[in-house]
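Me: I've got a model open here and want to go through some of its contacts with you. Can we start with a pair of charged side chains?

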Amino acid sequence: MNEQELRAAMRATMATATAPPPMSETPVLDAARRDERRRKARWAGVGSAVAAAAVVALAVVVVATTSGAGGTSHVGAGSPTSSATGTSSQDPSGSSSNTEPDWPDGQTDATATAGPHYDTGVALLESMATVVPAGFEAPRGLEFADGGAGPLDMSQAAWDGKSGGVDVWDYYGTLPLTKGARMGELIVDVKTPGNEATGTGCDLGNLWGWEGTCVARTVGGEPVGLWTGTEAQPGRGASFRHDDGTVVWVFQSPEYFGSGRQALSDLPYSDQQLLELATDEKFHLG
Amino acid sequence: MNDREQGFTDYFASRSGAFRATAYLLCGDWHRAEDIVQTTFVKLYRAWHRIAAHDTLDAYTRRILVRTYLDENRRGFFFREKPTADHADVSAPPGGSTEDRLVLLRALGEVPPRQRAALVLRYWEDMSVEDTARAMGCTEGTVKSQTARGLDALRGVVPTATFTN
């Protein structure tokens with residue numbers, strides 16, 4: 001097949017493909033509005049923190065330079081000083097001309113490819129490898145059966161912006177778990193303090209917003225969400241917020257999509273083990 | 001609905017079909033293609049004020065779309081849901097080329113994501129090497145090598161003289 005043949009084949013393919021009905025703009029616009037509200041709310045929080053700090057600083061100056069001069073200090077509450085995000089976050093009107101985030105540590109995008117945060121991501125994966133349950137193995141370096149990107153075991157450290165002047169990081173790892181020829185996977189996702197997740201336990205939602213049902217449980221008196229996935233995204237997970245705001249999701253799937261392997265007959269971890277993993281200090285990354 | 005939203009929805013109505021087709025060739029599944037398009041437009045909405053009036057809007061949107069697709073694959077296959085059904089894709093017009101379509105889609109499925117993106121942008125979108133590089137966020141040399149490797153991969157899985165055109 002040469003270039004011209006591929007071009008012709010693509011056109012013939014799309015000419016015979018019967019596309020679904022046109023997409024409706026309503027759900028997309030709704031999703032875009034929700035996304036904007038979340039981003040605004042996040043920056044409102046940052047702005048409030050900045051404003052509060054400014055009020056305190058101003059109060060100190062006032063106290064130092066006057067004696068009991070009260071009154072109200074009007075401080076711009078919506079002017080986060082962080083340079084960490086794009087136009088729509090810093091300026092909902094979109095009038096700013098600078099939309100490129102200032103990536104941390106000399107990065108060219110959100111993903112750390114070296115340095116301490118990259119190392120933390122790698123360490124997360126190694127920690128995951130220490131909790132492989134009896135009877136299962138965690139092979140390393142296996143490739144996707146269909147030529148997909150990267151090995152099946154992988155980790156990533158992604159910068160998630162700033163909150164209150166502090167960098168927020170999202171670390172995650174995925175580890176294949178095998179029993180014989182069958183394969184499932186363990187996923188751990190950790191967001192450092194300042195993250196956008198709200199609530200505790202079930203209120204945190206499922207991993208990456210996946211659908212599922214949640215039952216509230218506790219570990220050591222702390223609320224943990226126990227999730228059951230769906231037919232399309234099978235598996236079970238646990239969601240937990242540490243006191244410092246770090247959020248941990250642990251998810252196990254009976255299959256590793258793209259691995260070319262048959263799904264596990266049984267999930268590797270019991271519900272209790274999964275709940276304890278979510279609260280384990282191994283995954284309390286800062 | 002304000003002016004911003006009206007402009008955005010008008011653009012979506014006029015262009016989402018074309019972007020969905022590109023996404024379909026990238027991922028081979030209508031459900032995923034629509035997810036990719038939706039994610040793309042949510043990201044586009046963030047920058048709408050800045051980019052809407054530009055004549056590079058399509059290029060900008062296409063770049064988001066390709067990177068969304070690549071990012072999805074980079075983050076791992078677990079990130080996407082499995083297709084559970086063939087989405088309204090069973091009533092192809094008569095003409096005997098449905099099999100060809102499936103052959104091509106299966107063959108593209110054997111090509112790694114970046115190579116596949118290079119092939120789709122170059123030969124479906126008819127983009128130049130330079131524009132493809134810009135969309136993929138890589139060098140022109142990388143586009144050439146990814147395209148060549150992608151074609152090699154296709155030759156390995158598609159029998160010669162398969163397509164009836």
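Reply: A:Asp30 and A:Arg33 sit three residues apart in helix α2 (residues 25-65) of chain A, so about one helical turn separates them. Helices here are DSSP runs of H or I with at least four residues, strands are runs of E with at least two, and both are numbered from the N terminus. One caution before we go on: this is a predicted model, so local features need pLDDT of at least 70 and side-chain atom pairs count only at pLDDT 80 or more, while totals for chains, interfaces and linings use all residues. Residues are numbered from 1 along each chain as its sequence is written, chains are lettered from A and ligands numbered from 1 in the order in which they are written, and side-chain values use heavy atoms, with hydrogens and water left out.

Me: Ok, what do A:Asp30 and A:Arg33 form, and how far apart are the closest N and O atoms?

Reply: They form a salt bridge, with the closest N and O atoms 3.5 Å apart. The cut-off is a side-chain nitrogen of Lys or Arg within 4 Å of a carboxyl oxygen of Asp or Glu.

Me: Which residue does A:Arg236 meet in a salt bridge?

Reply: A:Asp271, at 2.7 Å from N to O. A:Arg236 lies in strand β6 (residues 236-241) and A:Asp271 in helix α5 (residues 271-279), both of chain A, so the bridge ties together parts that are 35 residues apart in sequence.

Me: Switching to cysteines. How many disulfides over all chains?

Reply: One. A disulfide here is a pair of cysteine sulfur atoms within 2.5 Å, and A:Cys202 and A:Cys214 are joined with S to S at 2.0 Å. The S-S torsion is about -85°, so the disulfide is left-handed. A:Cys202 is in the loop between β3 and β4 (213-219) of chain A and A:Cys214 is in strand β4, 12 residues apart.

Me: Last topic, helix α4 of chain A. Which of its residues are buried?

Reply: A:His117, A:Thr120, A:Gly121, A:Leu124, A:Leu125, A:Ser127 and A:Met128. Seen down the axis of α4(A), they fall within an arc of 160°, so they line one face of the helix. That arc is taken from the directions from the helix axis to the C-beta atoms.

Me: What covers them?

Reply: The cover includes β1 (154-163), β2 (166-179) and β3 (182-191) of chain A. As for A:Ser127, it touches A:Lys282 and A:Phe283, leaving out residues up to four places away in sequence; contact means heavy atoms within 4.5 Å.

Methods:
Buried means under 20% relative accessible area, exposed over 50%, partly exposed in between (1.4 Å probe, protein chains only).
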